[in-house]
Amino acid sequence: MRVSQDAAKPDRAAASQQRAGSYSRPFIALGGALKRQYLLWTSVTRRRAMADAYRPIVRGFLLPGAAYYYLVTWLHWRDESGSDLVILAGISLLTAVLYTVFRWVLLPAGKTSLLRLEAVGFLTNLLMYSNVLAYMLLHFEEQKLIYFVLMAVVFSTTGVTLRATLASVILSIGSLFWFSSQASPEVANQFVFIGLATSFAAFGMASLLRKAIMRQIDARLLADQLASRDSLTGIANRRSIFSRIEALVEDKTPFWIGILDLDGFKSINDLYGHAVGDQLLCEVVERLERREMQGVQIGRIGGDEFAILIVGAAEADQIETFGSSVIADISKPYDLSPLRLQIGDTIGFAHFPSMAEDARKIYEKADFALYRGKQFARRQTIIFDEAQDLEMRETLSLERALREAKLEDELYLLFQPQKDMARDRVVSFEALARWQSPTLGPVRPDQFIRAAERAGLIQSVTRILFAKALDAIELWPSDITVSFNLSAQDLADRAFIFSLVADVARRGIAPSRIEFEITETAVMKDIAASRVLLEDLSSAGFKIALDDFGSGYSSFEYIDQLPLDKVKIDKSFVRKVAASPTSREIVAGVITLCRNLGLKCVLEGVETEAEMEILSPLSPPLIQGYLFGKPMSQRDVLARLLDEEGPDNAASAA
């Protein structure tokens, strides 16, 4: 029996703990509710919203209140005399003046803290109470006890906070009870009852008004919260991030702003659809949110662009380490059943106040650091520096000139011939972009193409130049082709590329006469998507050439993966063949490789006879360089083609 009792002890203990837990739950819930209400009340945002809601109520009362007490001062001047006049007129005049000061000085139109508003509201009530109290002390009249009732009602709306309202109403009703004790018993009983009723009415009115205002505040705060959140991912949106940046700048709080851009996201959207793209973005945000900590805020500011806001005085090397860890995390594969996808990302950082002193400029510098990273250091963290500052000013000046330019008139093409050595004739021309700016003069192609990409104008530039290339080829013999360069941003937009294809079809030009030149840089962002696009172009009859072969790190991979028709050996190899046996063997090897793969091979940058003598034994199929023709205008192209046709054909053509 003793054994069974001992065994029952743990059960009784557990039951006791369970009962204790059930008894404590209501208190825990009450404590949690009180804590939530306290946090709600102490919230800076909520207190600011309450101040904004109550300020017009208090300001609206002060103006008629001041006018009323100026009138009361005049009435006292008319009806009172001696010390009574000094006391009553002095208090009423002081009240009128202070009400005016409160409205125009302490509560100007605009922002006011809740604490100041509460203090002004309580002083407003106290001044009103002082006028009635002074009058009743000097001229006690039973019928004037109603003033304390009226004050209690007024106080219920001007108290602002619950504590100020309680203090004001209790003071007024308490004075009513004290003065009514000096009246006749019948009047005293009446005013005691009226005072009690007024207390409940005043507190009820204050509660209803407060509840209505709180509902308005909560609705507005909810709307602001929704407006400041990205609808897809739930994190802060562009508006919220910029508001925070502006607030930090205004408070002169040091911070770092980083702009993170995903590499290859647009191609995933195009290949797999927006549903997969949205799912991928949410996965990226989930990884970014792991990095959110004290002083770090993540926001989405564009399609696949995110902001990383780091508040505090962190050093540049700490920011670089943080950015590298974010990049490594984002670059890990994503399991989106049944797909397994991988993307990269690059981040540009700038610091306030050392790098800029306003919100717009600090964002521009972070964005420029990102732009430089995407150009030369993908999947790395780039911190803005002084060298970039000079380049940024030049770039922004160039962008401004581009935006203001009449591109149709100012952009033009020059054409450099490609000579077929076996046939001893020109078979193709490369279209070379040129810009003659009326303000900047001639601008180098690499400069204005990069500026156009950054400014979002590259498609306009490409479309204008491509149309000019089509205008030119329409006047050439049907066996002459044109090579046209596509930028990385052009290749990233499938719809845009096929709008160019539509232009070719509309003019009735054979696609085989158009050769699209691409670089390793243009396809490396997403080789899979680039391959699909280029295969479609090749199927449509267009030719594809890989430019600057040998200048990158994985050119042979592109020969294997892309549907190429031509390879252009980078001029850096060609120019070294006279002095470097290694360069000569590389050129020879690439020519042989292209021949074996059925690809055309172009040697770029052949400028001297000495270079040509060394290259001739290698039997180069096509040569492009100053030795056989500098970039020329359309008129010179036509003259060159007529010369190559011979005197008889030229005469008949004339």
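Helices here are DSSP runs of H or I at least four residues long, numbered from the N terminus. Keep in mind that this is a predicted model.

With that in hand, take helix α15, which spans residues 445-455 and holds both Arg450 and Asp446, four residues apart, or about one turn of the helix. The two form a salt bridge, with 4.0 Å between the closest N and O atoms. Arg450 is partly exposed because its relative accessible area is 25%, and Asp446 is partly exposed too, at 32%.

Asp329 and Arg290 meet through their side chains in a salt bridge, 3.7 Å from N to O. Asp329 belongs to helix α11 (316-330) and Arg290 to the loop between α10 and β2, so the bridge ties together parts 39 residues apart in sequence. Asp329 is buried, at 8% relative accessible area, whereas Arg290 is exposed, at 55%. In total, the structure holds 27 salt bridges.

Leu63, Tyr70, Leu93, Val97, Val101, Trp104 and Val105 make a patch of about 630 Å². Helices α2 (44-79) and α3 (82-106) are the elements giving two or more residues to it, and α3 has the largest share, with five. Val105, in α3, is exposed because its relative accessible area, 54%, is over 50%.

Key
Residues numbered from 1 in each chain as written. Predicted model: local features only at pLDDT ≥ 70, side-chain atom pairs only at ≥ 80, totals over all residues. Heavy atoms only, no water. Patch = residues over 30% accessible without salt bridge, like charges linked within 9 Å, V, L, I, M, F, W, Y side chains within 5 Å. Areas by Shrake-Rupley, 256 points an atom, 1.4 Å probe, with all protein chains shown as cover. Buried < 20%, exposed > 50% of the residue type's maximum accessible area, 1.4 Å probe, protein only.
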